[in-house]
Amino acid sequence: FRGVGVVLRDRRFLKTILLFAGAQMSLTIMTAAAPYIVERLLHGKLSQVALLLGPFLVSSLVTLIFLPKWVRRHGIEKVTLIGATALGIAYGGAALLGGSWLGSPLVTAMIVFALAGPGAGVMVGLQGESIARAAAQSEERVTGSYFGVFNMVIQALNGVAVALTGWMAELGRDSVAPIRAMPVLAGVLCVLGVAVFVVLGRGSQSAAAG
């Protein structure tokens, strides 16, 4: 309980949780939304979901190769913020799927999902290091509590993300508007996480200066 108390009083860590929570919820929403996007927006088959998630996973894994170099050059915080913002923008663009902008509607969707991969790779790749750094800055040796609190919060919010996606899917039985809203919601959550991180960061700097 002492360790959990230390973690919950760590303002720097709380803003880190909120940043990654937005990205994690967006990933959960888009993973759950992929079948609906294929069926309702692309008018395809469920078997084609793999054609969307495949390019997404490949571009995410390729990003991990370059991630250490980016962090050394620009710093972990800046790279994380850029990754979350890029992920949010790419997911927001998925709301426009269904048109043949770059080849067929399916090819267009594959490209959009592939563009979201680098942002996801950044967030997943830097998650553990961000938690470890926050724990190292604490005067208490409660690294396990930092990871435990982080995982509990993320799992709870992922449950909320799944529930929201299911609710929107029910609304989408007679209209594609709720299906298009799923990627928008995912993108908004990413950007919102960035905004909260920046605002809380400024608050911490002002308090330290005072």
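This report describes side-chain pairs, surface features and selected residues in a predicted model.

## Aromatic pairs

Another aromatic pair joins Phe-66 and Trp-70, whose rings are stacked, with 6.2 Å between the centres and 15 degrees between the planes. Both residues belong to helix α3 (residues 49-74), and since they are four residues apart, about one helical turn separates them. Phe-66 is partly exposed, with a relative accessible area of 42%, and Trp-70 is likewise partly exposed, at 32%.

## A nonpolar patch on the surface

Phe-66 and Trp-70 also take part in a nonpolar surface patch together with Val-58, Val-62 and Ile-65, and these residues have about 470 Å² of accessible area together. Phe-66, which is placed in helix α3, therefore counts as partly exposed at 42% relative accessibility, a value that lies over the 30% required of a patch member.

## A charge over a ring

Lys-15 is positioned over the face of Phe-197, at 4.6 Å from the centre of the ring.

## Salt bridges

Two salt bridges are counted in the model. In one of them, the side chains of Arg-133 and Glu-129 meet with a distance of 2.9 Å from N to O. Both of these residues lie in helix α5, four residues apart, which corresponds to about one turn of the helix. Arg-133 is partly exposed, at 41% relative accessibility, and Glu-129 is also partly exposed, with a relative accessible area of 32%.

The other salt bridge links Arg-173 with Glu-170, and here the closest N and O atoms are 2.9 Å apart. Arg-173 counts as exposed, with 59% relative accessibility, whereas Glu-170 counts as partly exposed, with 47%.

## Sequence separation and distance in space

Glu-129, the salt-bridge partner of Arg-133, has its place in helix α5, which covers residues 105-137. Computed along the chain, Glu-129 and Ile-76 are 53 residues apart, while their C-alpha atoms are 8.7 Å apart in space. Leu-67 and Leu-14 are also 53 residues apart in sequence, but their C-alpha atoms are 24 Å apart in space.

## Two buried residues and their contacts

Leu-67 lies in helix α3 and is buried, at 4% relative accessibility. When residues up to four places away in sequence are left out, Leu-67 touches Val-79, Gly-121, Val-122, Gly-125 and Leu-126. Among these contacts, Gly-121, Val-122, Gly-125 and Leu-126 have numbers that fall within residues 105-137, the extent of helix α5.

Leaving out residues up to four places away in sequence, Gln-24 touches Gln-127, Ile-154 and Asn-158.

## A positive phi in a loop

His-43 is found in the loop between α2 and α3, and its backbone phi is near 55 degrees, a positive value in a residue other than glycine. Most residues other than glycine have a negative phi. His-43 is also exposed, with a relative accessibility of 67%.

Technical notes
Residues are numbered from 1 along each chain as its sequence is written. This is a predicted model: local features need pLDDT of at least 70, side-chain atom pairs count only at pLDDT 80 or more; totals for chains, interfaces and linings use all residues. Side-chain values use heavy atoms; hydrogens and water are left out. Rings of Phe, Tyr and Trp (its six-membered ring) pair if their centres lie within 6.5 Å; planes under 30 degrees apart count as stacked, over 60 as edge-to-face and the rest as tilted. Buried means under 20% relative accessible area, exposed over 50%, partly exposed in between (1.4 Å probe, protein chains only). A charge sits over a ring if NZ of Lys or CZ of Arg is within 6 Å of the ring centre and within 35 degrees of the ring normal. A salt bridge is a side-chain nitrogen of Lys or Arg within 4 Å of a carboxyl oxygen of Asp or Glu. Contact means heavy atoms within 4.5 Å. Patches are made of residues with over 30% relative accessible area and no salt bridge: like charges are joined within 9 Å, nonpolar side chains (Val, Leu, Ile, Met, Phe, Trp, Tyr) within 5 Å. Accessible areas come from the Shrake-Rupley method with a 1.4 Å probe; for residues, only the protein chains shown count as cover.
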